[in-house]
Amino acid sequence: MSHEHHLGCACCTLPHLPELAAGPLTEAATPEQLEAAIEQAYGSHAPAQAPQAAIFHGGVIHTLAAEGNRQVEALGMADGVIVAVGALQHVRQAMQAHRPREIDLAGRTLLPGLIDAHMHILPSALYQAPDWLPLSPFLPPPRQQELNPEYSSQTIKQAILDALKQHESLPEHQRSHRWVLGFGVDPSLMAKWEDITADTLDALSDTVPILLMNASGHIAYVNGAAMRKADIRDNSEGVLTEMGIAKVLKVVPPPSLPLFLSNLKQVLQNASQMGITTLFDAGLGATPWPDLEIGLIKSAARRGPVRIAAALFTPPEEAKLDHWLRHQRPDLDNARNPRFAIKAIKLIADGSNQGLTGYQTQPYACADEHSIPDVPDTGLSNYPDTGLFNRMLEKAVDQGWPVLVHANGDKAMEYVLGGYRQVLTPQHGKPAEQVEQRRKLRLRVEHASLLNDAAIDEMAALRLNPSFLIGHVGYWGYSFKHTILDSERAQLLDRCKSAVDKGIRISLHSDHFVSPLGPLRMMEQAAFRIMEGAPEGEKVPLNPEERLSREQALRAVTLDAAWQCHMDHMVGSLEPGKQADLVILERDPLNDAVTDLRGITVHETWSAGAPAYLNRDTH
């Protein structure tokens, strides 16, 4: 794989996203046509409800306020904002002029709306059924946040065989255009890691083209028929990296615009059903049609059910960064739009550790047994010229942009911290006042997967803020410890507690599509750190010293996540004047007697004082 492929993460916006998005986005050639299509897609649904004047009481209400969490008796809201919290009598008096209705929580728990601080909306919508078979290691709904203990190459093969049977039932004229497409394949989470090759897939069919995307989004597996369709002649293994994937996707029938918009709406509705009221898209603008792409997400946010903030995807190209700096400005106050705002620039240092492309100091422990074609056994850097990274970082912060930098491997973290050190320390010729202003930008490191003590100390000194993909511990921890890395390096994974103890404000994220949506699940994984992929009897914590308290974990998906996203003035806690973004849960996740946090039922989600999701099973 050449450095020009711009690996991105197992997580981050895909380098071949243009090929995926070309069909639906170019079908709507202008912003006006796109808006009309969105209006049609949402037209069959009832319009968003108006904000309600209401008082909640009769249950557990956690404020998660900046000065410390308080459990209060009541909360009042009107005109989309929180009016008062505290004793019921006090709230009733404050709400008197609004003529509120009273809502009895009946023992349930009211929290600030939950926040996913790093996910990817567009790819998540593009890789949806019915066009793509779900081939991930996660169970189907309603247990979609749990690993499938039976996940193996055989389960993948069976899903493909079932799809091929459906292919045979199609009329003859439709078969020639039909592909079998699958997304979410993850050999690292198989009961026994088995590599997938062209021979594997040709044994299932050598006539129907098959394309399977790895869960990282940066590796794919194809059979001979797919390679013939794409005119790929120099690959006998059938394992593709970015350039090969892009070539295949150019000949795959694209999704229609109506189907894509339906999938997009479903992704956002799924988030609301998880109690999420704010999503942070950590890679918007990756296609050649950034205005259409940004307009699409902005329009979806306006219609609900979630607020959306975003960072602009920026490959290792100064020209792309210069384009953003000329044509966009960060809206850190949401002054232009309470539902949508562009907040930051996104840079990507390396690849994915579970995809064996994160940039490491030492080779992957499984390098001899499992490897990626043309990728060194220490992974790859997206910036072989670290001077380019430093210049781009300097340019962005110099113009007042917050920056998110993806860094998974320890070697990537080393040069990312070196770049931040250069732009955030006075001794590099910068006045102390300028450095102080830059540090106030709440600069982030995404995933920050492998952190030693020195790295954590430096992050604290520079006031850098990590956002942890905590599924690395919960889902992949056992594989990291026993296969991908080793026991010693796995101890450095997602060191949440060490960061918090240094006064660093952290967030947790799903990186959806990489791991499932679910802030309560993320909270559980941060609080317990159980290696869920381990065999029975070995499901023990990975580095238990790094467990967060329940309240620390909850803050990482509410107020501290909002703070990292420059939205804490609006959301993240239940305080007067903030937006009335709320979630009502069956049980209290701060109650020590509740251990299955991901299993807590979300009863209701409210956005700006209006119901965005009502659980039919509980109403």
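Mentor: Start with helix α11: 10 of its 14 residues are buried, so the helix is largely enclosed by the rest of the structure. Keep in mind that this is a predicted model.

Trainee: Which residues of α11 are buried?

Mentor: They are Pro290, Leu292, Glu293, Ile294, Leu296, Ile297, Ser299, Ala300, Ala301 and Arg303. Here is the general idea for reading such a list. An α-helix has 3.6 residues a turn, so residues three or four places apart point the same way.

Trainee: Where do positive phi values turn up in residues other than glycine?

Mentor: The general rule comes before the cases. Most residues other than glycine have a negative phi, and most peptide bonds are trans. Asn543 has a positive phi, near 50°, and is found in the loop between α21 and α22. His566 also has a positive phi, near 55°, and lies in the loop between α23 and β19.

Trainee: Are Asn543 and His566 buried or exposed?

Mentor: The cut-off for buried is under 20% relative accessible area. Asn543, at 11%, counts as buried, and His566, at 7%, counts as buried too.

Trainee: Which peptide bonds are cis?

Mentor: Among them is the bond from Ala129 to Pro130, with omega near 10°. Pro130 lies in the loop between α4 and β7. The bond from Pro141 to Pro142 is also cis, with omega near 10°, and Pro142 is found in the loop between β7 and α5.

Trainee: How should I read Val208, and where is it found?

Mentor: Val208 is found in the loop between α7 and β9. At 7% relative accessible area, Val208 is buried. With residues up to four places away in sequence left out, Val208 touches Leu164, His167, Arg178, Val180, Asn223 and Ala225. The C-alpha atoms of Val208 and Trp476 are separated by 33 Å, and these two residues are 268 apart along the chain.

Trainee: What does the whole protein look like in numbers: how many helices and strands does it have?

Mentor: The protein has 23 helices and 21 strands, and 62% of its 619 residues are buried. Of the contacts with a separation of 6 or more, 73% join residues 24 or more positions apart.

Trainee: What radius of gyration would a compact globule of 619 residues have?

Mentor: A compact globule of that length would have a radius near 25 Å; the protein has 24 Å, which agrees. Along its principal axes, the C-alpha trace spans about 75 × 65 × 55 Å.

Notes:
Residues numbered from 1 in each chain as written. Predicted model: local features only at pLDDT ≥ 70, side-chain atom pairs only at ≥ 80, totals over all residues. Heavy atoms only, no water. Helix = DSSP H or I, 4+ residues; strand = E, 2+ residues; numbered from the N terminus. Rg over C-alpha atoms; globule rule 2.2 N^0.38 Å. Buried < 20%, exposed > 50% of the residue type's maximum accessible area, 1.4 Å probe, protein only. Contact = heavy atoms within 4.5 Å.
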